[in-house]
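Biologist: Could you walk me through how to read a model like this one, feature by feature? I would like the general idea each time, and then the case at hand.

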Amino acid sequence: MDEFNTEMIKSLMQTDPAAAAACIKEYLEKKNNTPLNIAITGESGAGKSTFINYFRGMTNNDEGAAPTGCTETTFESSPYPHPKYPNVVLWDLPGIGTTTFPADEYLKKMGFEKFDFFIIISDTRFRENDVKLAKAIQKMEKKFYFVRSKIDSDLQNEKRGKKNFNEEETLKKIREYCIHGLQKEGFESPQVFLISSFDLHLYDFPLLHETLDRELPEHKRRALLMAMPNINLEVINKKKKSLQSQIKYYASSSAAGAAVPVPGLSIAVDLTLIVSAITTFVVGLRLDVKSLRKLAHSTGVPVADLIEVITSSLAAVEITPALVMKCLGQLGSVVALMAGEEVSRFIPIIGIPLAMGLSFAGTYKSLNHILDMLAEDAQRVFKRALGLNSSV
Ligand code: GDP
């Protein structure tokens with residue numbers, strides 16, 4: 001089911017609620033598994049593998065990391081799926097300079113059709129090959145973005161021995177130098193994003209995300225957003241909104257599926273579905289134990305300090321049905337069953353009967369409440385990590 005088929009769900013809801021629940025679940029799974037293929041190209045040593053690793057929330061030494069610091073020996077592209085969102089794959093493409101192929105041939109050999117966009121990385125100025133490649137990508141009606149890597153080391157080098165070092169000035173100089181070079185090669189107004197893969201929250205990476213978010217087709221944006229590291233509070237907020245928009249589906253499927261009553265709260269829910277919804281929130285907001293450990297490692301802030309600022313009992317732990325049951329029970333007094341605007345609008349649209357409607361409203365409100373708590377935790381963790389060390 002590609003699109004949400006309201007009429008079908010509505011009639012199923014009356015005759016076979018369990019089948020309706022299964023349909024909604026299938027819709028959600030499909031929506032959350034939209035493939036996104038990102039091609040990373042550039043000469044050997046430009047920083048492709050490092051970018052691929054840090055974008056995926058890994059370091060260069062982690063298991064499953066793209067090997068770094070090695071010279072290319074094969075002419076193959078290598079796929080690196082995101083560990084939490086395997087539908088998002090970063091492809092390490094060999095530098096075009098290592099081949100004798102013209103750019104269009106190179107792109108055909110790489111299977112350019114499957115890529116949603118290309119990132120062309122250079123750690124110096126962009127060269128003739130990069131420009132030829134960009135033009136060929138353009139001709140094939142695909143998008144590309146110029147990324148200038150290793151900005152941290154440029155800044156450090158520039159700083160050394162300088163009394164009146166000015167970071168903004170230095171960044172401006174590097175940007176202008178890259179743009180000027182590209183203009184000389186025939187690009188009228190190129191955009192260049194300055195990044196450090198070790199510090200993706202700094203320099204132009206947030207702007208690169210905003211640009212991609214704007215230019216990607218709507219159905220691909222969610223895949224990119226969920227795969228993004230938590231680079232700033234805005235990204236955390238966007239993730240929250242995206243997760244929030246799916247709660248009504250979780251709630252209706254849960255209310256219509258095999259339900260168990262929750263003590264202390266007059267609702268019956270499909271617990272496995274709620275467990276899966278909350279797990280999606282925790283992982284999306286990077287509040288799972290593995291992500292917190294990685295964040296602690298990369299920032300030097302002890303994991304205990306990060307956990308200290310977490311207030312929800314659902315972060316940094318394994319989400320089990322028993323834990324969720326306990327949490328929902330505790331929320332009984334907090335969550336009023338009064339239907340909110342979206343709740344009362346959504347119920348007739350998909351034809352949930354009254355009794356289920358109450359259950360829907362309870363689940364809907366509970367999940368919203370839990371998501372609010374988790375998003376606040378994610379923001380606190382982000383601030384705590386950033387407060388002591390700028391590397392996120
Ligand atoms: P590839 O050959 O294009 O995949 O490049 P690698 O990712 O293997 O990087 C080559 C070298 O540059 C490695 O020693 C990396 O640690 C280093 N490197 C890559 N990105 C950065 C960065 O953003 N900052 C700094 N300082 N070094 C980087």
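**Reading the model together**

Modeller: Buried means under 20% relative accessible area, exposed over 50%, and partly exposed in between, using a 1.4 Å probe and protein chains only. Please keep in mind that this is a predicted model, where local features need pLDDT of at least 70 and side-chain atom pairs count only at pLDDT 80 or more, while totals for chains, interfaces and linings use all residues. Residues are numbered from 1 along each chain as its sequence is written, and side-chain values use heavy atoms, with hydrogens and water left out.

Biologist: Thanks! With which residue does Lys84 form a salt bridge?

Modeller: In general, side chains of opposite charge can pair when their charged atoms come close. The rule here asks for a side-chain nitrogen of Lys or Arg within 4 Å of a carboxyl oxygen of Asp or Glu. Lys84 forms its salt bridge with Asp288, and their closest N and O atoms are 2.9 Å apart. Lys84 sits in the loop between strand S2 (78-81) and strand S3 (88-92), and Asp288 in the loop between H12 and H13, so the pair ties together parts that are 204 residues apart in sequence. Lys84 counts as partly exposed, at 27% relative accessibility.

Biologist: How are those helices and strands assigned, and how many does the chain have?

Modeller: They are DSSP runs numbered from the N terminus: helices are H or I with at least four residues, strands are E with at least two. The chain comes to 17 helices and eight strands. Its C-alpha atoms fill a box of roughly 70 × 45 × 35 Å along the principal axes, and buried residues make up 50% of the 392 residues.

Biologist: How many salt bridges does the structure hold?

Modeller: There are 15. One of them joins Lys240 and Asp372 at 3.1 Å, N to O. This pair links distant parts of the chain, with Lys240 in helix H10 and Asp372 in helix H17 (residues 354-388), 132 residues apart. Lys240 is partly exposed at 23% relative accessibility, and Asp372 is partly exposed at 33%. Elsewhere, salt bridges that share partners join Glu158, Lys162 and Lys173 into one network.

Biologist: Now the domains. Into which parts is the chain divided?

Modeller: Domain bounds come from an automatic or database domain assignment. Here the chain is divided into domain 1 (3-32 + 237-386) and domain 2 (36-229). Their C-alpha centres lie 35 Å apart. The contact (heavy atoms within 4.5 Å) takes 14 residues from domain 1 and 15 residues from domain 2.

Biologist: And how much area do domain 1 and domain 2 bury between them?

Modeller: The size of an interface is often given as the accessible area lost when the parts come together. In the definition used here, that is the accessible area (1.4 Å probe) that two parts lose on being put together, summed over both. Domain 1 and domain 2 bury about 1300 Å², 54% of it on carbon and sulfur atoms. In domain 1, Lys238, Lys239 and Arg286 lose the most area to domain 2, together 37% of what that side buries. Three salt bridges are found across this interface.

Biologist: What about a helix with two faces? Which residues of H13 are buried?

Modeller: In H13 the buried residues are Ser291, Leu292, Leu295, Ala296 and Thr299. They cover an arc of only 140° around the axis, which puts them on the same side of H13; the arc is that of the directions from the helix axis to the C-beta atoms. The face turned away from the buried side carries the exposed residues Lys290, Arg293 and His297. Just after H13, Gly300 takes a positive phi of about 80°.

Biologist: Finally, where does Thr34 lie?

Modeller: Thr34 lies in the loop between helix H2 (17-31) and strand S1 (36-41). At 12% relative accessibility, Thr34 is buried. The side chain of Thr34 reaches the backbone oxygen of Lys31 at 3.1 Å. Not counting residues up to four places away in sequence, Thr34 touches Asn87, His219, Lys220 and Ala223.

Note on methods: A polar contact is a pair of N or O atoms within 3.5 Å; within protein, one must be able to donate a hydrogen and the other to accept it, and residues adjacent in sequence count only if both atoms are side-chain atoms.
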